[in-house]
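Student: Hi! Could you walk me through this model in plain words? I'd like to ask questions as we go.

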Amino acid sequence: MPTSSDMTTDLAPGVLDALQHQVAVFARRAEQTRLGGVGQVRNSMDRAAYLLLNRLDQEGPMGVKALAAGMGIDSSTVTRQVAPLVDTGLVKRTSHPEDGRAVVLQLSPRGKSRLDEVRASRRELMALVTEGWSEDERTAFCALLTRFNSALSEVHNTIQPTT
């Protein structure tokens with residue numbers, strides 16, 4: 001099996017240089033806008049909160065460890081990030097249905113409503129940014145970005161396995 005350095009020499013350095021530059025520019029632009037959406041909801045939810053609420057909405061109630069594992073981050077980080085979401089009523093702590101001693105995190109109705117607002121605002125931003133794109137171009141970009149993020153996550157986990 002070829003090593004990563006073997007694979008790098010097979011590819012045109014110019015394309016890899018351009019790719020890493022565009023990823024760096026994207027990261028800067030994403031941070032500048034926080035890709036938070038448009039209108040009154042713009043920048044009203046930080047990235048960590050959005051990702052946590054989104055995960056709870058898509059996968060349902062779960063414990064801190066499961067949430068952390070699914071997001072590829074440490075349990076202590078999830079605990080720290082969830083605390084303000086519980087304090088503001090966006091997330092509820094409830095007893096595990098099968099083990100009353102265990103606690104699960106659940107998106108509250110208020111959290112669901114807030115997440116829906118933020119999603120709508122961010123959807124509007126994505127529509128604005130890709131206004132001149134065809135539906136096929138949007139779909140292809142989303143597929144490639146998803147593939148890129150998955151590969152980046154795999155590399156990160158290989159280099160720094162979660163504990």
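Student: Is Arg122 buried or exposed?

Tutor: This is a predicted model, and in it Arg122 counts as buried, because its relative accessibility is 12% and the cut-off for buried is under 20%.

Student: Where is the place of Arg122?

Tutor: Arg122 belongs to helix H6.

Student: OK, zooming out. How many helices and strands does the protein chain have?

Tutor: The chain has seven helices and two strands. Going along the sequence, the pattern reads α-α-α-α-α-β-β-α-α.

Student: What share of the 163 residues is buried?

Tutor: Buried residues make up 21% of the 163 in the protein chain.

Student: And which part has the lowest confidence?

Tutor: That is helix H1, residues 4-10, with a mean pLDDT of 55, while H5 has the highest confidence at 93. Over the protein chain the mean pLDDT is 85, and 85% of the residues reach 70 or more.

Student: Good to know. Now helices: at what angle do H3 and H5 cross?

Tutor: The axes of helix H3 (residues 47-59) and helix H5 (residues 75-87) cross at roughly 90° and come within 10 Å. H3 and H5 are therefore roughly perpendicular to each other, as angles from 65 to 115 degrees count that way.

Student: Which residues meet there?

Tutor: From H3 you have Ala48, Ala49, Leu52 and Leu53, and they meet Val78, Gln81, Val82 and Leu85 from H5. By class, the contact of H3 with H5 has seven nonpolar residues, one polar residue and no charged ones.

Student: How do H3 and H4 pack?

Tutor: H3 packs with helix H4 (residues 64-71) at an angle of about 110°, and their axes are 11 Å apart. That angle falls in the 65 to 115 range, so H3 and H4 are roughly perpendicular to each other too. The contact is made by Leu51, Leu52, Arg55 and Leu56 of H3, together with Leu67, Gly70 and Met71 of H4. By class, the contact of H3 with H4 has five nonpolar, one polar and one charged residues.

Student: Arg55 is in that list. What does Arg55 form a salt bridge with?

Tutor: Arg55 forms a salt bridge with Glu59, and the closest N and O atoms are 3.3 Å apart. Both residues lie in helix H3, four residues apart, which is about one turn of the helix. Arg55 counts as partly exposed at 23% relative accessibility, and Glu59 is partly exposed with a relative accessible area of 48%.

Student: How many salt bridges are there?

Tutor: The count comes to seven salt bridges.

Student: Which distant parts of the chain does the Lys112 and Asp57 pair link?

Tutor: Lys112 forms a salt bridge with Asp57, with the closest N and O atoms 3.4 Å apart. This pair links Lys112 in helix H6 to Asp57 in helix H3, 55 residues apart. Lys112 is partly exposed, with a relative accessible area of 32%, and Asp57 is partly exposed at 25%.

Student: Which residues are linked with those two in a network of salt bridges?

Tutor: Asp116 and Arg119 are linked with Asp57 and Lys112 in the network. Asp116 forms a salt bridge with Arg119, the closest N and O atoms being 3.8 Å apart. These two are three residues apart in helix H6, so they are separated by about one helical turn.

Student: Are Asp116 and Arg119 buried or partly exposed?

Tutor: Asp116 counts as partly exposed at 34% relative accessibility, whereas Arg119 is buried, with a relative accessible area of 16%.

Methods:
Residues numbered from 1 in each chain as written. Predicted model: local features only at pLDDT ≥ 70, side-chain atom pairs only at ≥ 80, totals over all residues. Heavy atoms only, no water. Axes fitted to C-alpha atoms, helices over the stretch in contact; angles between N-to-C directions. Parallel < 35°, antiparallel > 145°, perpendicular 65-115°, else oblique. Contact = heavy atoms within 4.5 Å. Nonpolar A, V, L, I, M, F, W, Y, C, P; charged D, E, K, R; others polar. Salt bridge = Lys/Arg side-chain N within 4 Å of Asp/Glu carboxyl O. Buried < 20%, exposed > 50% of the residue type's maximum accessible area, 1.4 Å probe, protein only. pLDDT = per-residue confidence, 0-100.
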